[in-house]
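Me: I have a structure to go through. Could you take me through its main features?

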Amino acid sequence: MSIRLYKSYTPGTRNRALSAFTEITKSKPEKTLIQKNHRKKGRNNRGVITTRHRGGGHKRQYRLIDFQRKKYSVPATVASIEYDPNRNARISLLHYIDGEKRYILHPNNLNVGDIIVS
């Protein structure tokens, strides 16, 4: 994950650094692996703001990540590397031989087209 540094042409951009997004290969998530992500945004059951400074931001969809990797000895091909708005890490979309698709956290030195086995 490369980092893009800004030139300091205003005081606000003096120490600003963002991700360069160069490793992203797909912009839309896999529809079967996303879920609704309801966030409270500082409101109670009546919709009244009860916690200050919460809320706003862009709407997010939750990506279902396979953290346990329990498909043993089934090879999978890395189909894409995607951005995940819910975490700092990138995620990889795997296509298993049996037709199943899953997301995993993207490890270093894993490229599109690689074959992995857990």
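Me: What kinds of residues are in the lining of the largest pocket: nonpolar, polar or charged?
Reply: The lining of the largest pocket divides into no nonpolar, four polar and six charged residues. Here Ala, Val, Leu, Ile, Met, Phe, Trp, Tyr, Cys and Pro count as nonpolar, Asp, Glu, Lys and Arg as charged, and the others, Gly among them, as polar. Please note that this is a predicted model, in which local features need pLDDT of at least 70 and side-chain atom pairs count only at pLDDT 80 or more, while totals for chains, interfaces and linings use all residues. Residues are numbered from 1 along each chain as its sequence is written, and side-chain values use heavy atoms, with hydrogens and water left out.

Me: Which residues line the largest pocket?
Reply: They are Lys 36, Asn 37, His 38, Arg 39, Lys 40, Lys 41, Gly 56, His 58, Lys 59 and Arg 60. On a 1 Å grid over the protein atoms alone, a pocket is an open set of points where a 1.4 Å probe fits, with protein on both sides within 12 Å along at least five of seven lines, and lining residues have an atom within 4 Å of a point.

Me: And what volume does the largest pocket have?
Reply: The volume is about 180 Å³, taken as the space filled by probe spheres set on the grid points, which are joined across faces, edges and corners.

Me: New topic. Which residues make up the largest nonpolar core?
Reply: The seven residues are Ala 76, Val 78, Leu 94, Tyr 96, Ile 104, Leu 110 and Ile 116. The elements that give two or more residues to this core are β5 (76–82) and β6 (91–96); strands are DSSP runs of E with at least two residues, numbered from the N terminus. Apart from this core lies another, of five residues, including Leu 33, Ile 91, Leu 93 and Tyr 103. A nonpolar core is a set of buried Ala, Val, Leu, Ile, Met, Phe, Trp, Tyr and Cys residues joined through side-chain atoms within 4.5 Å. Buried means under 20% relative accessible area, exposed over 50%, and partly exposed in between, with a 1.4 Å probe and protein chains only.

Me: Where is Arg 90, and is Arg 90 buried or exposed?
Reply: Arg 90 lies in the loop between β5 and β6. Arg 90 counts as buried because its relative accessibility is 5%. The side chains of Arg 90 and Glu 23 are joined by a polar contact of 2.8 Å. A polar contact is a pair of N or O atoms within 3.5 Å; within protein, one must be able to donate a hydrogen and the other to accept it, and residues adjacent in sequence count only if both atoms are side-chain atoms.

Me: What about Asp 98: buried or exposed?
Reply: Asp 98 is exposed, because its relative accessible area is 51%. Asp 98 lies in the loop between β6 and β7, and a polar contact of 2.7 Å joins the side chains of Asp 98 and Lys 71.

Me: Which side chain does Arg 102 make a polar contact with?
Reply: The partner is the side chain of Asp 66, at 2.8 Å. Arg 102 is found in strand β7 (residues 101–105).

Me: One last point: what is the phi of Phe 21?
Reply: Phe 21 has a positive phi of about 60°, although it is not a glycine. Most residues other than glycine have a negative phi. Phe 21 is placed in the loop between β2 (17–19) and β3 (34–36), and counts as partly exposed because its relative accessibility is 44%.

Methods:
Helices (H or I, at least four residues) and strands (E, at least two) are DSSP runs, numbered from the N terminus.
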